[in-house]
Amino acid sequence: MFDVVIIGGGPCGATAAEDLGKLGHKVALLDRPGRIKPCGGAVPPILIRDFEIPDHLLKAKIVTARMVSPTNRSVDIPIENGFVGMVDRDHFDEWLRERAQKNGAIRKIGSFNFISRNRSENKILVHYTARNSVSDTKSFPECVLTSYVVGADGANSEVAKQEIKNSSLKKLVFAYHEIIQRPEEVSDNYEPTR
């Protein structure tokens, strides 16, 4: 029995699990095995400070963004407040999940399936396909009992689809970024990314 089950172990889910664990709640953090988010690695300085992100997780400190058009015209945009830290989401997200565990969250590895309710007791059963470890290929059905569910499973949230009427009708914007060319002249402030 958990006070809260959080579906999704990205930055939002892992941070919520850490905060609730620090407050003494019994928290389960359910995350898919081997999931690496391909984008979203920019971390502003205020977040680095407020969420106590250690410097070793920053792969680069970006001070200028360059936009290049298909006709090869470009414009440099300086970053306000100094820099934006760039992280590798596979290492960063895992570090956040481990920090949540250190603060009391119980990590569950698996893929969310569905929610069922025991309305008479006001309890929620979260059903998922579990694995014993991230590298384990064998899976088995499992469920946990909770009072609350937090859907932190992304823009196409399965939790939202099940729990919020017409959630599949919401409009989404998808973004993708890629560094395709490194500047030939490297300034003193430029730190290359991998």
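Two strands count as paired if DSSP finds at least two bridges between them. With that in hand, let's walk through this predicted model, beginning with a sheet.

The sheet is open and has three strands in the order 3-7-4, with antiparallel pairing. Strand 3 (42-43) and strand 4 (60-62) are at the edges, and each has a single partner strand, so one side of each is left without a neighbour in the sheet. In general, the strands of a sheet pair through backbone hydrogen bonds, either parallel or antiparallel. Take a look at strand 3 and strand 7 (residues 84-86): two bridges join them in the antiparallel sense. Here you can find alanine 42 standing opposite methionine 86 of strand 7.

Now let's move on to helix 3. This helix runs over residues 89-102, 14 residues in total, and spans 20 Å from its first C-alpha to its last, close to the 20 Å expected at 1.5 Å a residue. Which residues of helix 3 are buried? They are Arg89, Phe92, Asp93, Leu96, Arg97, Arg99 and Ala100. These residues cover an arc of only 160° around the axis, which puts them on the same side of helix 3. What do they pack against? Their partners are helix 1 (11-22), strand 2 (27-31) and strand 8 (106-118). Just after helix 3 comes glycine 104, with a positive phi of about 110°.

Finally, look at the rings. The whole structure has zero aromatic pairs. Charges do sit over rings, though: lysine 26 lies over the face of phenylalanine 2, 5.1 Å from the ring centre. Likewise, lysine 61 has its charged end over the ring of phenylalanine 83, at 5.2 Å from the centre.

Terms used: Residues numbered from 1 in each chain as written. Predicted model: local features only at pLDDT ≥ 70, side-chain atom pairs only at ≥ 80, totals over all residues. Heavy atoms only, no water. Helix = DSSP H or I, 4+ residues; strand = E, 2+ residues; numbered from the N terminus. Expected span 1.5 Å × (residues − 1). Buried < 20%, exposed > 50% of the residue type's maximum accessible area, 1.4 Å probe, protein only. Arc of directions from axis to C-beta. Contact = heavy atoms within 4.5 Å. Phe/Tyr/Trp six-rings, centres within 6.5 Å; stacked < 30°, edge-to-face > 60°. Lys NZ or Arg CZ within 6 Å of the ring centre and 35° of its normal.
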